[in-house]
Amino acid sequence: MSPVSILILIVSYFSILILISYLTGKDDSNAVFFKANKQSPWYVVAFGMIGASLSGVTFISVPGWIEGSQFSYFQVVLGYMFGYFVVAFILLPLYYKHNVTSIYEYLMLRFGVVSHKTGAFFFFISRVIGAAFRLFLVAIVLQQFVFDAWDIPFEITVIISILLIWVYTNKGGIKTIIWTDTLQTLFMLTAVILSIYFINDNLGWSFSEFLASDELKNYDKIFVTDSFLERSHFIKSFLGGMFITICMTGLDQDMMQKNLTCKSLKDAQKNMVTFSIVLVAATFLFMLLGALLYIYANKNNISIPLMDGNPRTDLLFPEIALNSGLGITLAITFMLGLIAAAYSSADSALTSLTTSFCVDFLDIDKKPEKDQKSLRKKIHIAMSILLIVVIIIFKYVLTSNVIDSLLTVAGYTYGPLLGLFAFGIFTKYKVKDKYVWIVALSSAIIISIIGSISPENLGGYTLGYELLPINGLITFLGLLLIRIKTTN
C-alpha cells in the first residue's frame with residue numbers, strides 16, 4: 001500500500017470523525033463537553049469503551065509481544081474482568097452518589113483540598129504518559145510507512161496527529177467521543193477479524209485448522225504456575241491485572257468520564273459488566289492474531305522490522321499487513337484498525353485531561369460564567385501541546401515493549417490513587433490533609449526503588465504487576481500515620 005493511498009485513507013477517516021463532531025458538537029457548552037448532559041445510551045458507551053480500552057497498544061503491541069510471552073498476558077486479562085466488577089459495584093455507586101464531574105472531587109469531599117489536588121495530579125501524570133505511549137505507537141507506524149517516504153520529520157507527524165484529534169474534540173468533548181468511539185471500535189474489531197481471516201487464507205488454513213495446528217502450540221501457553229518467583233506467575237498476573245483495572249479504569253477520569261455520562265447508575269453498571277466480558281474475548285483474538293503473525297513470518301522468512309537500528313516487535317503487524325503482499329484489502333483493514341485503535345483512546349485522554357485540569361486545578365465552576373467556555377478551550381489547546389512534547393521525548397528514550405512499559409509506569413503513578421481511594425472507602429478516618437501529598441510522593445519513590453531491585457537480590461523473585469497493589473498498600477499505611485480519629 002503506497003504512502004499516498006494511506007494518506008488518502010487517513011483523510012477520509014478523519015472527515016467522518018469531523019462530521020460526527022459537527023453533528024454532536026452544536027451545543028459546545030461545558031455541560032456537554034464534560035458530561036454529555038448525562039444522556040448517553042449505556043450500550044453505546046459499552047461498545048465504544050472496548051476500543052478505548054484496547055487502544056493502539058493492544059492493536060500492535062500485544063500481537064508483537066506473543067513470541068516473548070506467549071499467551072501468559074491472558075492471565076492479566078482475566079484479572080481485568082474481575083477488576084471491572086469491582087469498579088461496577090463499588091466505585092460507580094460512589095461517583096453517582098456524589099454526582100461528581102471529576103472523580104477526584106470525591107477526595108475533596110472525603111479528605112480536603114490537598115488530597116483532591118494530589119489525586120488529580122497523579123491521574124494527570126498517569127494519563128499524559130499513557131496517552132503519549134499510545135499515540136507514540138501510531139506515530140512511529142505512520143512515520144515508517146507514510147511520512148518517511150516524503151522525508152517529513154517525526155515531529156511533524158506527531159503534530160499532525162494531535163491536531164486532528166483537537167479538531168474533532170474541540171466542541172463536543174465527551175459527547176462527541178461517545179459516538180466516535182463506537183465507530184472506532186467497529187473498525188478495530190473488524191480489522192483483527194479480517195486480518196486473522198486473510199492470513200489464514202494465505203496459509204491455506206481455516207480458522208479451526210489454525211486453532212488445531214502444531215504451530216499454534218508453540219505460542220499457546222497461558223498459565224504460568226511453575227514457580228512463584230517468575231514475573232508472570234498466574235497469581236501475580238491475575239491480581240496485578242485486577243488492580244490495574246481498578247486503577248486504570250475505576251480511578252481514571254478518562255474511563256470514568258464516559259461512564260458518568262450514562263443516564264443512571266444502573267445503566268452505568270450494565271455498561272461496565274457487558275464491556276468487561278466483550279473486552280476479554282476481543283483481547284484473546286488479538287493474542288491469536290499475534291501467534292498467527294509469527295507463524296506467517298517464520299514461514300515466509302520475514303524478519304522483525306528495525307527502527308533506528310533496533311528490532312521492534314511492535315512493527316511486525318504493520319510490516320506483514322502493508323508490505324508482505326497479502327493484498328490491498330488487508331492493508332486498508334489494518335490502517336483503519338490502527339488509526340481507530342490509536343485515536344479511540346487518545347481523543348478521550350485529551351478530553352479527560354482537559355476536564356480534570358479545568359475542574360480539579362482551576363475550579364472552573366467558580367470562575368465567571370462568561371469566561372468558563374473560553375478557559376476550557378484554552379486548556380484543551382494546552383493539553384494538546386503537552387502531549388506533542390511528551391510523545392517526541394518518547395522517541396528518544398523508549399526502548400522496551402510499549403505495553404509492558406505502560407503497565408510498569410502505572411504501578412508507580414496509579415498506586416497512590418489506589419491507596420487514597422481505598423483509605424476513603426474502607427475506613428472512617430479523616431487525615432491531616434496538608435501531609436497527603438508527602439505520603440503519596442513518598443510511596444511512588446519507595447515503589448520505584450523496590451521495582452529497581454534485581455531478582456538476584458530477592459532470592460530469584462522477579463517483581464512484576466504486583467508493584468501496583470504494593471504501592472497502594474504503602475500509601476494506605478502512610479495515611480494511617482497521619483489519620484485523625486473521628487466517629488463522624
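The structure is a predicted model, in which local features require a pLDDT of at least 70 and side-chain atom pairs a pLDDT of 80 or more, whereas totals for chains, interfaces and linings use all residues. Residues are numbered from 1 along each chain as its sequence is written, and side-chain values use heavy atoms, with hydrogens and water left out.

The protein chain has 20 helices and four strands, both taken as DSSP runs numbered from the N terminus (helices, H or I, at least four residues; strands, E, at least two). The radius of gyration of the protein chain, 22 Å, is close to the 23 Å given by the globule rule for 488 residues, so the chain is as compact as a globular protein of that length. This radius is taken over C-alpha atoms, and the globule rule is 2.2 Å times the number of residues to the power 0.38. Along the principal axes, the C-alpha atoms fill a box of roughly 70 × 60 × 40 Å.

Of the 488 residues in the protein chain, 58% are buried, that is, under 20% relative accessible area, with exposed meaning over 50% and partly exposed in between (1.4 Å probe, protein chains only). The accessible surface of the protein chain comes to about 18,800 Å², and carbon and sulfur atoms account for 65% of it; areas were computed by the Shrake-Rupley method with a 1.4 Å probe, and for residues only the protein chains shown count as cover. Among contacts (heavy atoms within 4.5 Å) between residues at least 6 apart in sequence, 85% join residues at least 24 apart.

The structure holds 32 aromatic pairs. Rings of Phe, Tyr and Trp (its six-membered ring) pair if their centres lie within 6.5 Å; planes under 30 degrees apart count as stacked, over 60 as edge-to-face and the rest as tilted. Y73 and Y80 form an edge-to-face pair, at 6.3 Å centre to centre and 80 degrees between the planes, and both residues are buried. The ring centres of Y84 and F275 lie 4.9 Å apart with their planes at 70 degrees, so this pair is also edge-to-face. The pair links distant parts of the chain, with Y84 in helix α4 (residues 73-98) and F275 in helix α13 (residues 265-299), 191 residues apart. Y84 is buried at a relative accessible area of 5%, and F275 is buried at 1%. Y95, Y104, Y106, F123 and F421 form one aromatic cluster.

Charged side chains also sit over rings, a placement that requires NZ of Lys or CZ of Arg within 6 Å of the ring centre and within 35 degrees of the ring normal. K236 lies over the face of Y461, 3.9 Å from the ring centre, and the charged end of R483 sits over the ring of Y429, 5.3 Å from its centre.
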